[in-house]
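Dear colleague,

I am handing over a structure that I would like you to look through when you have time. My notes on it come after the entry itself.

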Amino acid sequence: MKSHNLTSPDIGQPQVFRLYVTGSTPQSSRAINNIKTICETYLKDRHTLIVIDLYSDKFGAEADQIVVTPTLVRHSPLPKRRMIGDLSDTARVLSTLGIGHSQTVSSHET
Amino acid sequence: MKKSKAKIQMKALQKSSTGIRGLDEITGGGLPTGRPTLICGGTGCGKTLLAMEFLLHGASEFGEPGVFMAFEETAEELTQNVMALGFDLTNLVARKQLRLDYVRIDRSELEETGEYDLEGLFVRLGHAIDSIKAKRVVLDTIEGLFAGLPSQAIVRAEIRRLFRWLKERKVTVIMTGERGEGMLTRYGLEEYVSDCVITLDHRVMDQVTTRRMRIVKYRGTTHGTNEYPFLIDQDGISVWPITSVQLRHEASRERIPSGIARLDAMLGGQGYYRGNSILMSGTAGTGKTSVAATFADATCRRGEKCLYFSFEESPSQIMRNMESIGLKLDQWEKKGRLQFHTVRAFYYGLEMHLAQMIKAISEFEPDVVIVDPISGLESTGNTLEVKAAIMRLMDFLKMKGITALLTDLTVGSNAPETSNSDVTSLVDTWLVLRDLELNGERNRGLHVLKSRGMANSNQVREFILSDNGVQLKDVYIGPNGMLTGSARVAEESRDRAQQVSRHEDVERQQLALERKRTAIEAQIMALRAEFCAEEATTLRIINQEQQHKESLVFAEEEMGRSRQHDAVKQVEGVAHKIGMKVRNQ
């Protein structure tokens, strides 16, 4: 099961994200918008996104080893993925999450 | 006036005590309060420990809670590491005096997808500081950010911002940094910290390592500029600077006995001056340790404390050996008056030895320090260094009023009056132990080469190590100089024999005199008896003559009366005749 996940994440399984931001800085806003767009486009109804503002939830930073903001952590499925930055590099985000064009096609086939 | 000046200074630069022995001394009070301090050095030089101690002392002694942000070690590892030093991190954490935060950045896990900043770290640190109202912060080591994050430009900008932010929060910060090539730190952290930079060093010279510390810069204050050796032992870090090089110590007039009564007699009758440095040089086997141990014994017997540094023998060996001359040193050790510090000279460098000795002296606070032998230190540095080190040690001891006895091994062809350590000009009293060779024997001799401020004997005295300790013998000067060993013993017995015969002579003469007196008295008795006899005879004759004369007078009177003559004339003539006769007898 684990090895299966490692090699090719099951597209059908919902992806759980946490996005850590700090207030409403331009970077934070961009990151929120970017991940929302990606999720709507590629993971419609198959994702959970929790946006955490570290200014109001101070414990979050330590729990998820956050140093840099914005940071996107994918908690599920494994492996855990971390992305730093405002997520404007869409291609990088997709490849990190294992959501390539081909995979999107194959997911439509199934 | 002075007060207001002090006040201004206080305002200008407040310092936070590190609680680390000696570090506050060389920094003039501690690290700059509310500002960052950079501590840099190579691997294993003690950066993390120093930073951790800063927090621990702050939390437990100065009521300043601290945050330790670790980029390399986890909280568990840190807890374990300082456990060995007797600090209970868990307890401090539970009491909200300390907060550990392990920041893990794994570059391989991170994907850079756009612009970012380190606000997350700020929030984390800010939260940690707020949660325990921290006054002190350690970042160990912030270089982890450079290694963990892809964009160095962002990291640099953010670190600069971090320090501004920390200054605004008025927390005292230590950040550590690994030493880099040609730079203090690998990533040039020193450019962010302009207030205080301390380097730690762990240098190997002649296969011996010495830890050193130097304050590279400390803005707005005076500080010690030397490299100071420091120790890491079971008590953590300690620096032992000898900052005073002034000759200002108070000279004591008190005298303390050496433990050898006749040696005291040689030293003006009272022994050493308290607080003086005494050098005792001699070739191998001349009894240096024995004389030193006797002094130690005498010190403890007085109820004072003695610290004995030995570079050659273990404590038990010294105690066993000294038992053979009747010194029971173990009793003093048990009573806590005598402490041994034994270490091979080559285990540490000179500075480390010095630092350790000063530490031991400061902790034990002895009245007397014995270093046996000081020449043990020679192997740890060149002559100049050793001399400087010993000088500093002696200054330190004098400042504290501690009497020091240093033994020195003279080797090889050197004359007994030379000392390899070349410290003879520094010492106040110099005793030389030497071999005295005579009649195919080697014997031990002792003389006082110099002793400042007291009349001292100029004699070379033979001393022996007996069951009852060190004993100086009487001096015998023969036709060929001083007699020692069996020659002295022979001389002594000859002396004794002569004394005996002289004594007998006197007795004989007294007896003869007595006899003569008796004889003369007998003679006097005899003469007196003879005289008595003669006197008796003479008296008898006189008596007879008297009677005869009386009867003659009577007869003549009778005759005259009968013849009716002129009575008076006749009587006078007879009386005259009788007087003549008596006088002739």
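Predicted model: local features only at pLDDT ≥ 70, side-chain atom pairs only at ≥ 80, totals over all residues.

Residues are numbered from 1 along each chain as its sequence is written, chains are lettered from A and ligands numbered from 1 in the order in which they are written, and side-chain values use heavy atoms, with hydrogens and water left out.

The largest pocket holds about 380 Å³ of space. (A pocket is an open set of points on a 1 Å grid over the protein atoms alone, with protein on both sides within 12 Å along at least five of seven lines; a cavity is a set where a 1.4 Å probe fits but cannot get out; lining residues have an atom within 4 Å of a point.) Nineteen residues line this pocket, and B:Asp233, B:His341, B:Gln356, B:Lys359 and B:Ala360 are the closest to its centre. Two or more lining residues come from each of β11 (227-233), β17 (338-342) and α13 (350-364) of chain B, with α13(B) giving the most, eight residues. (Helices, H or I of at least four residues, and strands, E of at least two, are DSSP runs numbered from the N terminus.) Domain 1 (10-239) and domain 2 (255-473) of chain B each supply at least three residues to the lining of the largest pocket, the bounds coming from an automatic or database domain assignment.

Two cavities of 30 Å³ or more were found in the whole structure. The largest cavity has a volume of about 100 Å³, where volume is the space filled by probe spheres set on grid points joined across faces, edges and corners. Its lining has 13 residues, and those nearest the centre are A:Gln65, A:Arg82, B:Arg104, B:Ile105 and B:Leu110.

In helix α4 (residues 90-97) of chain A, the buried residues are A:Val93, A:Leu94, A:Thr96 and A:Leu97. Viewed down the axis of α4(A), the buried residues fall within an arc of 165°, so they line one face of the helix; the arc is that of the directions from the helix axis to the C-beta atoms. A:Ala91 and A:Ser95 are exposed on the other side of α4(A). (Buried means under 20% relative accessible area, exposed over 50% and partly exposed in between, with a 1.4 Å probe and protein chains only.) The buried residues of α4(A) pack against β1 (15-21), α2 (26-42), β3 (71-76) and β4 (81-84) of chain A, together with β6 (110-112) of chain B.

B:Ile370, in strand β18 (residues 368-372) of chain B, is buried, with a relative accessible area of 0%. Leaving aside neighbours within four places in sequence, B:Ile370 has contacts that include B:Ala292, B:Phe295, B:Cys306 and B:Leu405, contact meaning heavy atoms within 4.5 Å.

A cis peptide bond joins A:Thr69 and A:Pro70, with omega about -5°, and another cis peptide bond joins B:Asp372 and B:Pro373, with omega about -10°. B:Lys133 has a positive phi, near 55°, in a residue other than glycine, and B:Lys133 is exposed, with a relative accessible area of 64%.

Best regards
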